[in-house]
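Hi,

Here is the model I promised to pass on. Have a look at it first, and my notes come after.

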Amino acid sequence: MFNRLTVPALIATLAVVPIVSSCSANKTPLSTEQQIYTGNWVAKDGTFVKIYLDGGGDFKTSNSSVTGGATTFTDKTLTIGLGPIKREFQITQPPQEKNGVVTMQLDGITYTYQQ
């Protein structure tokens, strides 16, 4: 019934499942107040933050990135993370519109809303 390759493959699969499960993101949908942050935000240096209504988020900076992470907000911070990889951004300026352009500042860096 089992050949020599089936048993090691089964053991490897059973060993990997808990690791992958522990890295999954527990997403909480954004509150009404947090929904102004929803969307794709891009800085001039190419870094970006993407926030979804379901509480998911992605980011890419010069030295790290997360895709499919969870977002959490406090009064002054936005954190996007997946398992042990996460980034906390200080909300320097919440989203605001000026002359038809919506921007926000995280860690003092201006991010522009992209559709």
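Below is what I found, starting with the overall layout.

A quick word on ground rules: this is a predicted model, so local features need pLDDT of at least 70 and side-chain atom pairs count only at pLDDT 80 or more, while totals for chains, interfaces and linings use all residues. Residues are numbered from 1 along each chain as its sequence is written, and side-chain values use heavy atoms, with hydrogens and water left out.

The protein has 1 helix and 8 strands (DSSP runs, H or I of at least four residues for helices and E of at least two for strands, numbered from the N terminus). Along the sequence the order is α-β-β-β-β-β-β-β-β. Of its 115 residues, 28% are buried (under 20% relative accessible area; exposed is over 50% and partly exposed is in between, with a 1.4 Å probe and protein chains only).

5 of its 6 residues are buried, so S5 is largely enclosed by the rest of the structure. It pairs (at least two DSSP bridges between two strands) with S4 in the antiparallel sense over 4 bridges, and Thr71 has Ile80 in S5 as its bridge partner. S4 and S5 form a hairpin with 3 residues between them. On to S6: S5 and S6 are also antiparallel, over 6 bridges, with Gly81 partnered by Lys86 in S6. That hairpin has 2 residues between the strands, and Gly83 there takes a positive phi near 60 degrees.

Last, the charges. I get 1 salt bridge (a side-chain nitrogen of Lys or Arg within 4 Å of a carboxyl oxygen of Asp or Glu): Asp107 with Arg87, at 2.8 Å, N to O. Asp107 lies in the loop between S7 and strand S8 (109-114) and Arg87 in strand S6, so the pair ties together parts that are 20 residues apart in sequence.

Cheers
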